[in-house]
Amino acid sequence: VVGEAIYDGGERVLRTGQSIQLSGYPSRFLNSLIVAITSTVLAVGMGTFTAYAFSRFRVKGEQDLLFFILSTRMLPPIVVAIPMFLMYRAVGMTDTPCRPDHPYTAFNLSFSVWLMKGFMDEIPKEYEEAALVDGYTRLQAFFKIVLPEAATGIAATAVFCFITAWNEYAFALIMTNRNAQTAPPFIPSQVGSGLADWTVIAAGTLLFLLPVAIFTFTLRGHLLRGVTFGAIRK
Amino acid sequence: MTQLDTRSPAARRGMSDIGIRNLFIIPTILFLIVFNIFPLIYSLGYSFTDLSAAASGPVNWVGLRNYRELLNDPYIWNNFVVTAKYVIVSVGGQMIVGFGLALLLNRKIPYKGLITTLLLLPMMMSSAVVGLFWKLLYDPSWGVINYSLGLGKFSWLSNPDAALYAVAITDIWMWSPFVMLLSLAGLSAVPKHLYEAAAIDRASTWYTFTRITLPLVLPLLMIALIFRTMEAFKTFDLAYIMSTQPTAELISIKLYKLAFQQWQTGLSCALAYIVLIMVLAITNIYVKYLNKVKER
């Protein structure tokens, strides 16, 4: 009987698996993945350089610039989405997969500058100064000494950016329709669609939440820093 | 014998520090200007027109009419009142629940790390998913909440009096962990010897709490309070997914409807600017507090 039950359960899992494949989930997951990875790579890449410059060099009006950078992150999504929608339409970019990339990169960028600056400030300046004395150029010192030291910080920042983009709802709702739709606007829309296949919805949602849960556990030591933009380090 | 490098350090470096600084900073600033500031300038222009993104007619300059119309519109004021209620209930709830949880966790308990991380999960989830499954929990005919509270067919989300608070409760569930995380950091930073001294002086628990714990945790609580106030003020996802009640229509939802359902683009740009100025004001306060805590 137990064997039969296991077989039965297994078969049901297989069937759910097949219906997930047939449903709209895989293409939405793929879109979410593409958008999240692209915006993370761009934001963390640029953010790391900028954070280093803010951390090590004298920048005129540093506080104002940093405030400007953070304030772009605080803008309500709908406020930015209205003109962006008009601009994209004017350029003729409708429902192409890279559309939410730009706003995601922009708000992840300001986040990653702040967070990475916190990490950069913690790397002792003496490391690079020693390297400079040894004949390294500033750029060599940055790539060979600072970046490896900042690896943990970069990884944590990247995971935060990925989760933010993966979860984002408002921009995705406004700027994507069918082809480029990511998972967050798709998942709630499935429930109101009449013939709801609950096993598929539940399984799809679980698959969507799984990476976030795993990342949260790997990030647990950096969460405080992440939610305060690097200001509080514990 | 090693040869000494006689060239100056500046000449030896491939690029000057100033060059590297500019190369590292300018692209980021440019990117943010192109994708955030430029759109905002664009929409500032449109906020003085009667543009409708759905119609193809000519666009007329209407001066300050949009702003006048918005500020005289009792419905918009009502949206702001609803938003204020939402902010007070949800942020107030988060502060109480979050700080309470932190006090409970701030002691030696087994699996503390694991429990803390599990409690933090809600705030890492997508509001789309959270909204969806709370909608199921609230469902009048087969939701778990009515079943366990014995409320029968009470419909939370389609009841004009309850909808806003139902959404706020979900927000409390989702974001109390944020307050908890900051409070825990504050609590663990309180030096142990202060408590020992208070115990020697036989200070009451209440006295210890109000004179030692609270003042030392306060800066972090303020950060949590300001940040959550700003985020609650901006709330769109949860309320939009969970309820269609006009009594739960937050200002961002009004903005969304104005822009993308009624297609009153010019008017919505004007409203967006009013909201934007309020958010920037809160951001300014927030950054001041962040920098203050940083310097400690």
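Student: How many residue pairs in polar contact does the rule find across the interface of chain A and chain B?

Tutor: The model is a predicted one. Across this interface the rule finds seven residue pairs in polar contact, both residues being at pLDDT 80 or more. On the side of chain A that touches chain B, helix α4 (residues 77–91) of chain A gives the most, with 13 residues. By class, that side has 58 nonpolar, twelve polar and six charged residues.

Student: Why is the pair A:Arg138 and B:Asp17 called a salt bridge?

Tutor: The closest N and O atoms of A:Arg138 and B:Asp17 are 3.1 Å apart. The cut-off is 4 Å between a side-chain nitrogen of Lys or Arg and a carboxyl oxygen of Asp or Glu, so the pair qualifies. The rule finds one salt bridge across the interface.

Student: What area do chain A and chain B bury between them?

Tutor: They bury about 6,700 Å², 83% of it on carbon and sulfur atoms. The contact takes 76 residues from chain A and 75 residues from chain B.

Student: Within chain B, what describes the packing of helix α4 (residues 74–105) and helix α10 (residues 205–234)?

Tutor: Two packed helices are described by the angle between their axes and the distance between the axes. Here the angle is about 140° and the axes are 10 Å apart. The crossing of α4(B) and α10(B) is right-handed.

Student: What makes up the contact of α4(B) with α10(B), by class?

Tutor: Its residues divide into 15 nonpolar, four polar and one charged. Among those in α4(B) are B:Phe80 and B:Leu103, and those in α10(B) include B:Arg228. Arg counts as charged, so B:Arg228 is the one charged residue of this contact.

Definitions and conventions
Residues numbered from 1 in each chain as written. Chains lettered and ligands numbered in written order. Predicted model: local features only at pLDDT ≥ 70, side-chain atom pairs only at ≥ 80, totals over all residues. Heavy atoms only, no water. Contact = heavy atoms within 4.5 Å. Buried area = accessible area lost by both parts, 1.4 Å probe. Polar contact = N/O pair within 3.5 Å; in protein donor to acceptor, adjacent residues only side chain to side chain. Helix = DSSP H or I, 4+ residues; strand = E, 2+ residues; numbered from the N terminus. Axes fitted to C-alpha atoms, helices over the stretch in contact; angles between N-to-C directions. Left-handed = near helix turned anticlockwise from the far one by under 90°.
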